[in-house]
Amino acid sequence: MSSSSVTNSSAADETLRAQIFQRLHPRVYLERFIAEKIRPDGRTFDEWRNVSVNVGSISTADGSALVRMGDTTIVCGVKAEIAEPELDHPEQGFLVPNIDLPAICSPKFKPGPPTEEAQVLSDRLNEALVASGVLSLSSLCIHPGQAVWTLYVDCTCINYDGNAFDAALLAMLGALRSTTLPKATYNEETGRTTCSRKTRSPVQLTRNFASSSFGVLDTSHVLSDPTAFEEPLMDVTLTVIVDDRGELISTTESGGAISEETLLRCINRAKERALQLKD
C-alpha cells in the first residue's frame, strides 16, 4: 500500500472519529473549538455567513425572493388577494406572514402539520413586521369599508442550517420590495372589484431594516449567526432588529437573561450588520 493511501485512510478515520464524538458529545465538541477561539465551521465568534438575495425568482407570484444564508436557504412568495376589511379598521388591508419548515429541509423536522417551531417563527415574523411598521396597511385599501388587499407572505425553508428567522425576514422583505399590485377599482353599484391586467404599482415599504441573531454560551461567548449545530447548545439566544439608520426596533431573548454589556455589544454588532446587508 502506498504512503498516500495510508495517509488518506488515516485522515478518513480521524474525520469519522470526530463526527462520532460530535454526535455523542456535542457540547464538549463545541467547547473545545470555543477554547481555541474558533467555531466548528471555521468562523470567528463575530463572523457572519455569506448572504445572497435573489428577487423575482417566482414568476407566478406577485413578489418573491430567494435568500441563502450560509447553507440555510429560504424562498418567499407574496400572493395578493382582495378581501373585506375589518369593521374596526375599514381602511386597512392585511399582511399575513407564514413560514413552513418541511421535513425535506432537515432531518430535525418530521412530515405532518406545521411544527411548533414553525408556528413560533411565524408569530415572531409577524411581530417583527408589525413592530417595524414596514408597510402602511392603509396603503392596501382599495375602497374604505368594502375592499382591501391581503398580502400573504409565505416562506418555505428549502435547506435548514440554523438562524431561519434572520433568513426568513430577509426573504420576506426582499419579496415585499419586489411586489406589484394591479390597479383595482371598486364599483359601488355592483359591489364588485375589478383589476387591470396592464397597470401594476409597486408596494411602498416605509423602512429598511434587518435582524441579527446571536447565541450566548457560558455567559461570555457570543456567537453571531449560529448554525443548526450551534443553536441547541446555546444557553441564551438573542435577536436584534435595527433599521439602516441604526435605530433599534426590537430585541428578543429566549433561554435566559444576559448582561447589559452583552446586550449592548450585540446591538452594536447588529447595527454594523444592518449596514452591510443594505450595501
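Among contacts in the protein chain between residues at least 6 apart in sequence, what percentage join residues at least 24 apart? In this predicted model, the share of such contacts that link residues at least 24 apart is 66%. The protein chain contains five helices and twelve strands, and its C-alpha atoms fill a box of roughly 85 × 50 × 35 Å when the box is taken along the principal axes. Of the 279 residues in the chain, 40% count as buried.

One part of the fold is an open sheet of four strands, in which the order is S10-S9-S11-S12 and the pairing is antiparallel. Strand S10, covering residues 221-224, and strand S12, covering residues 248-254, stand at the edges of this sheet, and because each has a single partner strand, one side of each is left without a neighbour in the sheet. From one strand to the next, the twist averages 20°. Within the sheet, strand S9 (residues 209-217) and strand S11 (residues 236-243) run antiparallel and are joined by eight bridges; in this pairing, Phe209 stands opposite Asp243 in S11. In a regular strand, side chains alternate between the two faces of the sheet.

Two helices are placed against these strands. Helix H3, made up of residues 116-132, lies across S9, S11 and S12, and runs at about 130° to S9. Helix H4, made up of residues 164-177, also packs on the sheet, where it touches S9 and S11, and its direction makes about 175° with that of S9.

Ser132 lies in helix H3, and it counts as buried because its relative accessibility is 3%, which falls under the 20% limit for buried residues. When residues up to four places away in sequence are not counted, Ser132 touches Arg207, Phe209 and Ile249.

A separate pairing is found between strand S7 (residues 180-187) and strand S8 (residues 192-202), which pair in the antiparallel sense over seven bridges. These two strands form a hairpin with four residues between them, and in the turn Gly191 has a positive phi of about 70°. The bridge partner of Asn187 in S8 is Arg192.

Apart from residues up to four places away in sequence, Ala83 touches Gln146, Ala147, Val148 and Thr150. Ala83 and Glu272 are 189 residues apart along the chain, and their C-alpha atoms are separated by 40 Å.

As for cavities, the structure holds one of 30 Å³ or more, and about 40 Å³ of space lies in the largest cavity. The lining of the largest cavity consists of Met69, Asp166, Leu169, Leu170, Leu173, Ala210, Ser211 and Leu277. Helix H4 and strand S9 each supply at least two residues of this lining, and H4 gives the most, with four residues.

The UniProt record, an unreviewed entry, carries the annotation "domain: Exoribonuclease phosphorolytic", which covers residues 47-182 and 210-272. Over residues 47-182, the chain is 23% helix and 37% strand, and the end C-alpha atoms of this span lie 42 Å apart. Over residues 210-272, the chain is 21% helix and 43% strand, with the end C-alpha atoms 11 Å apart.

Key
Residues are numbered from 1 along each chain as its sequence is written. This is a predicted model: local features need pLDDT of at least 70, side-chain atom pairs count only at pLDDT 80 or more; totals for chains, interfaces and linings use all residues. Side-chain values use heavy atoms; hydrogens and water are left out. Two strands pair if DSSP finds at least two bridges between them. Axes are lines fitted to C-alpha atoms, for helices over the stretch in contact, and angles run from 0 to 180 degrees between N-to-C directions. Contact means heavy atoms within 4.5 Å. Buried means under 20% relative accessible area, exposed over 50%, partly exposed in between (1.4 Å probe, protein chains only). UniProt positions are given in the numbering used here, feature names are shortened, and annotations may be inferred rather than shown by experiment. On a 1 Å grid over the protein atoms alone, a cavity is a set of points where a 1.4 Å probe fits but cannot get out, and a pocket is an open set with protein on both sides within 12 Å along at least five of seven lines; lining residues have an atom within 4 Å of a point. Grid points are joined across faces, edges and corners, and a volume is the space filled by probe spheres set on the points.
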